[in-house]
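User: Hi! Could you walk me through this model with me asking as we go?
Analyst: Happy to, let's bring it up.
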Amino acid sequence: MSCKRLIILFLLIVQVSMVMGQSSVLRGLVKDAYTNEPLPFVNIVIEGTNTGTTTNETGEFVFEGLEPGFIRLQLSSIGYERLLTEEINISAIRSNYVEISMVQKSTQLDEVEVSAGAFVRKGETPVSLRRIGIEQIEKSAGASRDLAKVLQSFPGVGANVSFRNDLIVRGGGPSENRFFLDGIEIPVLNHFSTQGASGGSVGILNVDFIREVDFYSSAFPAGRGNAMSSVFEFKQIDANKDKPSFKATLGASELSLSSNTPLGKKTGGLFSVRRSYLQFLFDQLGLPFLPSFTDFQFRTRTRFDEKNELILLGVGAIDEFKFNPSPDPTEENQYILEYLPSFEQWNYTVGASFKHFMDQNYLEVAISRSQLNNRINKYQDNEEDNPDKLVNDYVSDEIQNRLRMELYSNPGRVTMRAGISLEDISYYNRTYTRVFRDDMPAEINYRTDLNFFSYGVFGSLYSTIVDDKLDVRLGLRMDANTYSDDMNNPLEQLSPRLTLSYRIATDVSVNFNAGRYYQLPPYTTMGYKNNLGQWVNKDNGLKYIHADHLVGGVEWLPNSSLRISVEAFWKRYRNYPFSVTDSVALASKGADYGVLGDEEVTSTADGRTYGLEFLVRRKSSKGYSYILAYTLVSSEFTDAEGNYVPSSWDAGHLLTFTFNKSFSRHWDFGMRWRLAGGLPYTPYDRDKSELVAAWDVQGREYLDYSRFNESRLDPFHQLDLRVDKTWLFSKFSLGVYLDIQNVYNRKSREAPKLIQVTDENGNPVIQNPEAPEAEQRYELKELVTSSGTVLPTIGVILEF
């Protein structure tokens, strides 16, 4: 459907709908963050209004007659730090319930009271932390309610291509990020994910359940290991306490149904299931492949009493990727069909988090199990009924059983946190693939059944000193595992970290962080074997990768709704896996579908990324917000000779402006403009690509890694717009949004490719048919393609 028709349809929906006014009720509970005891007589005001209330003797409060939409609450109480919450989405249909935790002041000295602002400074770090609220997620233009795309509005976050969700944070690779949902690690965040990395095409998490996101680009909490570029903490909403509600959403790629419901006097639950219709859209568009996915998500929370509560959660997905039997006969589709494999993938994480609260302390015990099953196969010419044409047959399982015990303590001026993490890891791999190496065809055929145990010990301290102007945060972590002698000594993975923040004025702070962070190589790399069954990478002395971070900056808060900050960052990498075949650090790989790291490597690559981030962020109580983010970044890793060369994420410049505005009668408008410097790419090796024996096993051009990343694409920019409208009826609400990506139809040139020249019968042309078979060459021609087109989407959200 054309953009013009979608706009006309959207306007017709607006014209024929009747608006009915509705008011809403918000109920909630305020409690102590460490004792979990209810806090009576807390003053609560809706930001930007004179509407307020006070909690009763049991810490409960209620607001009636609220206008549906997003609000924030200002809380104050004697002996506690002032607080301004993130956005709370007030619905006119379902009941609205929220629980809010407040932290006791570390000092009772007479001092200038600093009002709560829109931007939280957490006890773990005042630097490199962005808190993202639900309004930003729900209404972001060009994001289609996908968390990974929302994050691209923030400084330091780059992107590879528009149809993937790879997160490139401060020049690091897409495998360097970790994700936690209510404290439970979620290894897979995207559908059609790249095994060994974190990217994919569509996010798995249902944003209807997300309350806020903490995004760390450095200064990671000591309790969060195995990350070098970023840590994400996703926090979910509280379930209804009185009656169930339901929400159906027709999005850009899927249909979802979710429920928010009480399950008893002490338990509430969130449940959702989604099913994609991408396969039908791709078929209508004549694309060469037909993806489809299904996912589920649930969370229950049981509050046994004031001192004990339990969260159970789960998230999982099933992905299928098949060929279109009748695609449009374009050269680009022909190119994709030549090399793209078909695959099936499923994954899940289920976990439990139990909290026991004591006097100024609480203990959290989290246990979880995650599994990823990945099956990939490819037949030459896609003749799946011909076993002689089998090129690649890959089956893999990754299983992690995790246990984390963590004690949080706030006895007075010093806040403490300590714990241990244990992990039992199983990795199975069956690989058969045909390759062309050392100027001749070869086969890789092996099986792996790897089991090892990993553990970590960590602790941190936080205090405010020097007349309450200097915040000091100290952290220490140690990790080790039983994989090999190169990884089993925790003292060799000693990870110290220090953060300092000095308030030179009530609204200006100077911040600093230094830390070392360790990460395991991908399981695909740890489990790699050769055809003789030898643990090649273990024998090569595979080690933990580590990155040293230095961050310094200045933060200015002119008022409670405006934040201006500048941060300089520097990261140095050591022991990065280095591909023996391609002579490239794995840091520059992982942003394509399939598998990262299933090859021979050595722990010999070094890297460095550095740059400057500038952020202006406004959250106004008058119904608008904006983010202006600029990043200057350089990303380099060493080649076979030890020389630094640009990595695949060396974008140079990243500039984003995001604006959102709410109007009367439940209209919302959003826009986002992005500029990214051109990424480097490696030219193709025509001589090798032309060989029949080489082309037949890969189905696409070979890259000339002796010229790694010596060419560069043009800068990329685009404008996205979004309009939302919500109608409120007596028993349900109806929301409709129109999201238009790349409004002015900006085209971006992609790296040149090679494609076979075919005769009138569609058969590939061989340049020298009389030559011996091993010397025959295909006739190839260059294929220049571009990405970027106007992409309009209409979404429908029904709540009842």
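User: Which strand is Tyr681 found in?
Analyst: Tyr681 sits in β39, residues 680–681; strands here are DSSP runs of E, at least two residues, numbered from the N terminus. Before we go on, this is a predicted model: local features need pLDDT of at least 70, side-chain atom pairs count only at pLDDT 80 or more, and totals for chains, interfaces and linings use all residues. Residues are numbered from 1 along each chain as its sequence is written, and side-chain values use heavy atoms, with hydrogens and water left out.
User: Okay. Is Tyr681 buried or exposed?
Analyst: Tyr681 counts as buried because its relative accessibility is 15%. Buried means under 20% relative accessible area, exposed over 50%, and partly exposed in between, with a 1.4 Å probe and protein chains only.
User: And what is Tyr681 in contact with?
Analyst: Leaving aside neighbours within four places in sequence, its contacts include Arg712, Leu713, Arg749 and Pro752. Contact means heavy atoms within 4.5 Å.
User: New topic: which residues touch the most other members of the largest nonpolar core?
Analyst: Phe452, Met526 and Tyr576 do, in a core of 44 residues. A nonpolar core is a set of buried Ala, Val, Leu, Ile, Met, Phe, Trp, Tyr and Cys residues joined through side-chain atoms within 4.5 Å. Another core, of 35 residues, lies apart from it, with Leu167 and Ile627 among its members.
User: What about holes? How much space lies in the largest cavity?
Analyst: About 470 Å³. On a 1 Å grid over the protein atoms alone, a cavity is a set of points where a 1.4 Å probe fits but cannot get out, and lining residues have an atom within 4 Å of a point. Grid points are joined across faces, edges and corners, and the volume is the space filled by probe spheres set on the points.
User: Which residues lie nearest its centre?
Analyst: Of the 34 lining residues, Arg178, Gly196, Ala197, Glu398 and Tyr523 lie nearest the centre of the largest cavity.
User: Last one: how many aromatic pairs are there?
Analyst: The structure holds 28. Rings of Phe, Tyr and Trp (its six-membered ring) pair if their centres lie within 6.5 Å; planes under 30 degrees apart count as stacked, over 60 as edge-to-face and the rest as tilted. Phe61 and Phe63 are edge-to-face, 6.0 Å centre to centre with 70° between the planes, whereas Trp346 and Tyr348 are stacked, at 6.3 Å and 5°.
User: Why does Trp346 count as partly exposed?
Analyst: Because its relative accessibility is 33%.

Conventions. 1 Å grid on protein atoms, 1.4 Å probe; cavity = no way out; pocket = protein on both sides within 12 Å on 5 of 7 lines; lining within 4 Å. Helix = DSSP H or I, 4+ residues; strand = E, 2+ residues; numbered from the N terminus.
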